[in-house]
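Me: Hey, I've got this one open on my screen. Can you walk me through it?

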Amino acid sequence: MSERVLMAPSILSADFTRLGESIALVPTADFIHVDVMDGHFVPNLTIGPPVIKALKRTTDIPLDVHLMITNAEDSVQWYLEAGADIVTVHAEACPHLHRVVQTIRAAGAKASVSLNPGTPVSVLRDVLCDLDMVLLMSVNPGFGGQKFIANTVRKTAELVSLSKELGAAPLIQIDGGIDADTAPLVVAAGARVLVAGSAVFCKDEPAEALESIRSAGQGALQRLA
Ligand code: DX5
Ligand code: ZN
């Protein structure tokens with residue numbers, strides 16, 4: 001099998017009193033997705049650099065840090081120093097998007113940009129060749145457990161075609177409402193990294209839940225081959 005669907009469980013839906021143990025429940029995760037919310041860009045407030053630094057000590061799985069914050073250009077260094085392996089910033093919150101992408105890469109981390117459901121993929125045209133990953137939000141960011149927005153499938157295909165036109169090859173990550181039913185839809189459209197929060201950590205067996213979502217996505221890849 002040439003390509004593998006990568007899984008990034010979101011600890012937003014994990015037990016915040018024992019995050020280290022929660023991460024240990026999903027040993028086959030490819031990335032640990034960490035949702036940073038500031039109460040300004042999104043109507044919720046979560047965790048910041050000290051917690052990321054602590055998580056880094058508990059796991060070797062790369063930390064995939066999703067910054068839903070307004071001042072990423074000023075504070076991205078905090079997350080890089082805390083040990084983020086992948087840093088995602090929101091295009092809507094970064095007037096100097098090109099600069100912040102360069103800052104992330106210069107620190108040796110992978111650079112990723114996220115788009116809200118209402119933001120077109122065309123805003124990425126001038127940075128796409130510099131990105132390791134693009135995160136398409138399939139819910140409006142702020143909370144776990146929301147319903148998948150179906151337009152994300154068309155949007156994913158559009159991003160694949162823009163990437164081809166520009167000769168770019170970013171990983172495409174989808175975040176929000178991903179489970180074993182929605183995973184095949186986005187993988188068939190071109191996504192290769194799936195974030196899942198409630199569909200993993202709200203289940204009795206998070207490891208099994210994670211692998212069943214991966215395997216639903218992987219099935220879609222096989223049908224494409
Ligand atoms: C939402 C966050 C997501 C969230 C996804 O704003 O960015 O990462 O944890 O949760 P589920 O998978 O429950 O939709
Ligand atoms: Zn997220």
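Me: How many residues surround ligand 1?
Reply: There are 20 of them, and the closest include Gly-142, Gly-145 and Asp-175; a residue is near if one of its heavy atoms lies within 4 Å of the molecule. Keep in mind that this is a predicted model, where local features need pLDDT of at least 70, side-chain atom pairs count only at pLDDT 80 or more, and totals for chains, interfaces and linings use all residues. Residues are numbered from 1 along each chain as its sequence is written, chains are lettered from A and ligands numbered from 1 in the order in which they are written, and side-chain values use heavy atoms, leaving out hydrogens and water.

Me: What does Ser-10 do with its polar side-chain atom?
Reply: That atom lies 2.8 Å from an oxygen atom of ligand 1, a polar contact (a pair of N or O atoms within 3.5 Å). On the backbone side, a polar atom of Gly-145 is 2.8 Å from an oxygen atom of the ligand, and a polar backbone atom of Gly-197 is 2.8 Å from a ligand oxygen too.

Me: And how much of ligand 1 does the protein cover?
Reply: It covers 100% of the 380 Å² of accessible area that ligand 1 has on its own, using the Shrake-Rupley method with a 1.4 Å probe.

Me: Which element gives the largest share of the shell?
Reply: That's β2, with 3 residues. Strands here are DSSP runs (E, at least two residues), and helices are H or I runs of at least four, numbered from the N terminus.

Me: New topic: how many helices and strands does the chain have?
Reply: 8 helices and 8 strands.

Me: Why call it as compact as a globular protein of that length?
Reply: Because its radius of gyration is 16 Å, close to the 17 Å the globule rule gives for 225 residues. The radius is taken over C-alpha atoms, and the rule is 2.2 Å times the number of residues to the power 0.38.

Technical notes. A polar contact is a pair of N or O atoms within 3.5 Å; within protein, one must be able to donate a hydrogen and the other to accept it, and residues adjacent in sequence count only if both atoms are side-chain atoms.
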